[in-house]
Amino acid sequence: MSIFIDETTRIIVQGITGKEGSFWTKHMKEMGSNVVAGVTPGKEGQDMEGIPVFHSVRNAVAAHQADAAMLFVPPKFTMDAVMEALDSGIKKIVTIADGIPLHEMLKIRAAAMANNAMVIGGNTSGVISPGKAMMGAIPYWIERVYKKGGIGVMTRSGSLTNEITAMIVAAGFGVSSLIGVGGDPVPGTRFAELLPLYENDPETHAVVVIGELGGTMEEEAAAAIEQKIFTKPLVAFFSGRTAPKGKKMGHAGAIITGGKGSVEDKAAALEKAGALVAQRPSDLGKTLSLAIRKEHHS
């Protein structure tokens, strides 16, 4: 099973008629995603390559019983788009927008939790369960990188995700569910909130975390291991080992503040909890194999 989406998930795309929305919706369908409708205000009655377009999420949900929403919406409109999806009963939302205002992301996260829903993003390339479905902007050549298998992947990095996943596949493994939580300071969903889903997924045998400096998500994952919330093998790789303290690197979430959030601190917390940390991307496959053998012998 997938922890977030599969081929039965009924997806609507908000912003489907825009350049990004139309391009990636086509690719999502090619990857097996069940896109049932699109939403662009003022364009109800049109269609995008056979997918009906509606004026509002409520109209789309009423006509097609959708249960997930993919947002290709600019940052300044993202909060309204998320709230519209939540108000229409959607429980799974992915938004790729980079630069959603921080105070609005806090409201989005609070609203999602209040509605027992899950928002993935912003600032993410999306989610994928290979061989089943994809939501987001994961590239066309992905078939060469993403193979179906038993390794869950949680990532804060867009650029490193494909490289690390290629290392997982090169080591003889495949991916069950990959979730790009996003690189902003306040993601809609955090690592520790996803770990119980991987724990309960019989198709996931281990998890790889692609972390970065800044924030406390990796330390929260370490705490979940120590509290036995997550008991399967976990391997982490961190970018930003050489980043200077106090300087933002790449995006808003990657900054050490108040003496906390360094890669060294994160790696130490995970290793103390029993996880393994790969020093280089090329070490990932070997480290993952070691973690799984260690689990089998324990």
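A crossing of two helices is called right-handed if the near helix is turned clockwise from the far one by less than a right angle. In this predicted model, the crossing of helices H6 and H7 is right-handed. The axes of H6 (residues 191–199) and H7 (residues 217–226) come within 8 Å and cross at roughly 40 degrees. On the H6 side, the contact is made by Phe191, Ala192 and Leu195. Met217, Glu218, Glu220, Ala221 and Ala224 make the contact on the H7 side. By class, six residues of this contact are nonpolar and two are charged, with no polar residues.

Nine salt bridges are found in a search of the whole structure.

The strands were examined next. Seven strands form an open sheet with mixed pairing, in the order E3-E4-E2-E1-E5-E6-E7. Strands E3 (47–48) and E7 (118–121) are the edge strands, each pairing on one side only. Within the sheet, strand E2 (residues 34–39) pairs with strand E4 (residues 51–54) in the parallel sense, over two bridges. Val39 stands opposite Phe54 in E4.

Conventions:
Residues numbered from 1 in each chain as written. Predicted model: local features only at pLDDT ≥ 70, side-chain atom pairs only at ≥ 80, totals over all residues. Heavy atoms only, no water. Axes fitted to C-alpha atoms, helices over the stretch in contact; angles between N-to-C directions. Helix = DSSP H or I, 4+ residues; strand = E, 2+ residues; numbered from the N terminus. Contact = heavy atoms within 4.5 Å. Nonpolar A, V, L, I, M, F, W, Y, C, P; charged D, E, K, R; others polar. Pairing = 2+ DSSP bridges. Salt bridge = Lys/Arg side-chain N within 4 Å of Asp/Glu carboxyl O.
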